[in-house]
Structures are given as C-alpha cells and as structure tokens.
Amino acid sequence: MTIGPVRRPYRVAVIGVGVIGACVGWHLSRQGAQVTLIDTGRPGEGVTDWSFSWVNAGNKTARRSYFDLNLAGMAAYRDLATAIGPDPWWHPNGHLRWTDDPAAQADLLKTAGLLTGLGYRAEVHTGAEVRRHLEPALTLPDEVAAVFYPDEAWVHGRHLVTRLVGRTVAEHRIGTAVSAIDTGSDGGVRTVTLSDGTRLDVDIVVNAAGPGAAHLAALLGRHLPMRHEPGLITRITCARTPIHRVVHAPHLALRPDGDTTMVLHSVEVDAHLGTGADPSPLARLLHESARNLVPALGDSRITESRVAERPIPADGYPSVGAVPSVPGYYEAVSHSGITLGPIIGRLLATEILDGERAESLADFRPERFPA
C-alpha cells in the first residue's frame, strides 16, 4: 500500500533525538535525505537514558500484531549491530524471570508455553539450576520455576544514540526547542521555527519527541492523546557487576549497565510515584530490594535516580507514520522505543522516501487518533 511518492532530495527535520529519532535519522541519511536533528537536550540523554532498556517481544503478547512488530525489532537489532558494530551498546545475554505469586507463576509458565509455540525460545529452569548455570549471585528458592529467554537483550541507549548520531550525515540543532511549525496553502509542512529564532525550510517533519510529542503535534493543530505514566530508574555502583543479564525477580527488575553499574526498576514502585514527589525514598527501597536479592551488592551505593515520563499513546500502542490531514508530517511515538527503535526507523524511512506503508504498522498508524 502506498501514500504516493514526493520529490527528492527530502529536507527532513527529525524532532527528538532519543533512540527512535536517532534510528529514523540514520536510516533517512543512509538513503540520501537531508536530515536535521533537533533536540532540547543532548542526544540520548532523555527518556532513552532513563529507560530499563530491555529488548524483548515476550512481554508483548496481548495483540499479535504488536508481538510481531517487537519480534521484528529484535531482528532489526541484530542487523544494526552488524551495520554499526555492537560495542559498547549491544548486550544480547538473555532475560530471566520468576515470581513468588502462585497465580502469576501459572501465568508465567502459560505464557512461556504460548511463546514456545510461536517459535520464541523460552526455557524453564529451577532456581538451583539458575544459580548453577546462569546467575550464581542471585538469591532464589531451589525449587522455584524460572523462565529464561535466551534471545532477549538489553541496550545501553545513550551509547547507541551516540553511535547512530555520529554515523548520520545531518545538521545538528541540539539544545534548542521547536516553537512553531508552519504550513503552506495545501496544509503541508513548510518551515520549522526554533526557540533561537532560526527558521528551517523543510519538506518533512518527524515527531519523535517522546514525552513532548503531544505538545509538538499541537503546534500543527493535531490532538495526540498520551498517557501519564512516570517511571523511576535508579542506578547503583558496585565493585563489579554480579549479574549478567536482565532479571525480573519478584517486585524488582535489574540489569547490568556496565562493569561496575546496575539499573534498578519496579512496576510496583512506579505505582507510588506522585507528581513532583521526591523519589529518594523509593530509590532507597529499590536498593534495599536489590541487596536482599543479590547479597554481593551489599557494599553498592546509589549514584543516580530519575523519574521519566514514558511516551505512551493513549491506547498503549505506537503511533507511527504519516498523518494524512497534514502532508509531510509523520509521527514516531512509542513506548518500548528501545525494542522498536531500529524497526520503526527502517520502516518509517521507507514510508517517507518511497511512499510505501508497511503492513506491519497497519494497527499503529496515527489516523486512529482523529483530529
């Protein structure tokens, strides 16, 4: 299915240089577009840097099309690692999960069986086997059933964005905001005005602004409904990272973030976040849970904590592609941006440059949110 080609070369403003914007810009640049990267902060240092950064499809089974898109994202990461080199951002070490709730444990094993039937690798191990073969530093019961997903990974998002931006032929407008987007007589985008007064002539605008996406859409008179879902990420430092992969334990998720750094997160803790509240007590709670789960973290200390707003459209699914009511305006807005960045970047670049709308994005197009 096509939306009709437009002239080349394209002058494309990619607004927001997190993982999704960086992937879009990289793919466009490789195919000859004239790209301008715009961000209020430094590339990759917003939500991308304050995400749990877990690459997976196994947690995305509520809708088959969404599972398939995330599965394609995992495959796109393998291609990306080959194209730009895997170090120091790509860590395909798998993912381990178990729970202490009987009902949740039954659901976990049921999901593992469902995924196996879809060709998605999932292995069930006892706690004793986990300590013997996978994660010796963990504290978990010998008899508990833990599921290991060997094809899942984690990404150092800031390093990835730095690598992509460094390999993208683009004009950089970093540290400045977009104050206006003007349209022509046909309703299509024509110029982007920045907060420093600069006006950029453009053919295409890509809204990859993450939590700021709704505000950016509003500059064009478009209503993009977004959820309010803050998340707390805490980083700790230790003598040497004792855990080798993403781990979801009861009430706590953790992963490496380098040789001496780890990232902590908890969905349960996020539920207690208040607007403007000091996250320090909750960060200490995460740290205490981590030290109980991994005794080797007894001497670790908190180095950073931040609450970031997750960029989630109102129905929980991505908004990716052209907005027919505003020619030249495209959205690339999604939760799970770490998993989906490479595949969104590739598919959206093809849509922009060749007019080909991917069928894998059919359920996630922006027009499902009417103006």
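This is a predicted model: local features need pLDDT of at least 70, side-chain atom pairs count only at pLDDT 80 or more; totals for chains, interfaces and linings use all residues.
How many positive and negative side chains does the protein have, and how far apart do the centres of the two sets lie? Colour by charge: there are 35 positive side chains (Lys and Arg) and 40 negative ones (Asp and Glu; His and the chain ends are not counted).

Residues are numbered from 1 along each chain as its sequence is written, and side-chain values use heavy atoms, leaving out hydrogens and water.

Now switch to cartoon. You'll find nine helices and 20 strands, which are DSSP runs numbered from the N terminus (H or I, at least four residues, for helices; E, at least two, for strands). Zoom out, and the C-alpha atoms fill a box of roughly 70 × 45 × 35 Å along the principal axes.

Colour by burial next: 54% of the 371 residues are buried, meaning under 20% relative accessible area with a 1.4 Å probe, counting protein chains only.

Then select residues 64-84, which is helix 2. Its 21 residues reach 30 Å from first C-alpha to last, close to the 30 Å expected at 1.5 Å a residue (1.5 Å times one less than the number of residues). Show side chains here: among the buried ones are Y66, F67, L69, Y77 and L80.

Terms used
Buried means under 20% relative accessible area, exposed over 50%, partly exposed in between (1.4 Å probe, protein chains only). The place of a charge is taken as NZ of Lys, CZ of Arg, CG of Asp or CD of Glu.
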